Amino acid sequence: MSRKLLIVVDMQNDFTTGALRNEDAIAIIPNVVSKVKAALDDGTDVIFTRDTHHDDYMGSEEGRNLPVPHCIEGTPGWELIDELKPLAGAPARVIDKVTFGSSKLGQLLSSEYADCDQVELIGICTDICVISNALLTKAFLPDAHVSVDASCCAGVTPESHRTALDAMKACHVEIV
């Protein structure tokens, strides 16, 4: 029997309508909600990642490179978008991550999803966190089929979105 996993990357207020507002990210919300609902209805495991920073963000490596405080834990911008909040409870999981690729996700994949043979990723930003977690997934589940639904992803720019999709494709991530 095939075990499937959907990883929803950083669908948070600050990446859609907040500090790092992105019209492309706003545009994919209906696709993302539809994909998550279908996955849950289908019995697919769902994990949401949540970019998580703290008050010391500006002194961090990321803060020095992207000097826009965002996804500060406990703020409205850190929260998942309203459309996904009702879907993020059990049986789905939410994991906080402090950088682009999630070490917690890698640990979870190797400990609880080692038998997973299909993993799909969706979310924001294609060119930063989606690509990081897709390649991390390939590393922790080397025999799983990993895919990314481009219609459920948004990058910092349309060009960087396309570049990231091409890079993932070169690393044997199927782009659907």
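These legends accompany several close-up views of one predicted model.

Residues are numbered from 1 along each chain as its sequence is written. Because this is a predicted model, local features need pLDDT of at least 70 and side-chain atom pairs count only at pLDDT 80 or more, while totals for chains, interfaces and linings use all residues, and side-chain values use heavy atoms, with hydrogens and water left out.

**View 1. An open sheet of six strands with parallel pairing.**
Follow the strands in the order β3-β2-β1-β4-β5-β6. Helices (H or I, at least four residues) and strands (E, at least two) are DSSP runs, numbered from the N terminus. Two strands are said to pair if DSSP finds at least two bridges between them. The edges of the sheet are β3 and β6, each of which pairs on one side only. Strands of a sheet pair through backbone hydrogen bonds, either parallel or antiparallel.

**View 2. Strand β2 and its pairing with β1 and β3.**
Strand β2 spans residues 45-51, and six of its seven residues are buried. Here buried means under 20% relative accessible area, exposed means over 50%, and partly exposed is in between (1.4 Å probe, protein chains only). Five bridges link β2 in the parallel sense to β1, which covers residues 4-9. The pairing of β2 with β3 is also parallel, again over five bridges. To get your bearings, find isoleucine 47: arginine 93 is its bridge partner in β3, and isoleucine 7 stands opposite isoleucine 47. Isoleucine 7 also stands opposite leucine 121 in β4, where β1 and β4 pair in the parallel sense over six bridges.

**View 3. Helices α4 and α6 against the strands.**
Helix α4 lies across β1, β2 and β3, and runs at about 140 degrees to β3. Helix α6 packs on the sheet by touching β5 (145-154) and β6, and its direction makes about 175 degrees with that of β5. Contact means heavy atoms within 4.5 Å. Axes are lines fitted to C-alpha atoms, for helices over the stretch in contact, and angles run from 0 to 180 degrees between N-to-C directions.

**View 4. The packing of α4 with α5.**
Two packed helices are described by the angle between their axes and the distance between the axes. For α4 (residues 103-112) and α5 (residues 126-140), the angle is about 30 degrees and the axes are 9 Å apart. On the α4 side, look for Leu105, Gly106, Gln107, Leu109 and Ser110, which meet Asn133, Leu136, Thr137 and Phe140 of α5. The residues of this contact divide into four nonpolar, five polar and no charged. In this grouping, Ala, Val, Leu, Ile, Met, Phe, Trp, Tyr, Cys and Pro count as nonpolar, Asp, Glu, Lys and Arg as charged, and the others, Gly among them, as polar.

**View 5. Histidine 70 and its surroundings.**
Histidine 70 sits in the loop between α3 (61-65) and β3 (93-97). Is histidine 70 buried or exposed? With a relative accessibility of 1%, histidine 70 counts as buried. Its side chain reaches the backbone oxygen of valine 68 at 2.8 Å. A polar contact is a pair of N or O atoms within 3.5 Å; within protein, one must be able to donate a hydrogen and the other to accept it, and residues adjacent in sequence count only if both atoms are side-chain atoms. Leaving aside neighbours within four places in sequence, the contacts of histidine 70 include Asp14, Asp51, His53 and Glu62.

**View 6. Threonine 16 in helix α1.**
Threonine 16 is buried, at 1% relative accessibility. A polar atom of its side chain lies 3.2 Å from the backbone oxygen of glutamine 12. Not counting residues up to four places away in sequence, threonine 16 touches residues including Asn22, Ile81 and Ile124.

Alanine 90 and proline 91 are joined by a cis peptide bond with omega of about 10 degrees. The peptide bond from isoleucine 124 to cysteine 125 is cis too, with omega near -15 degrees.
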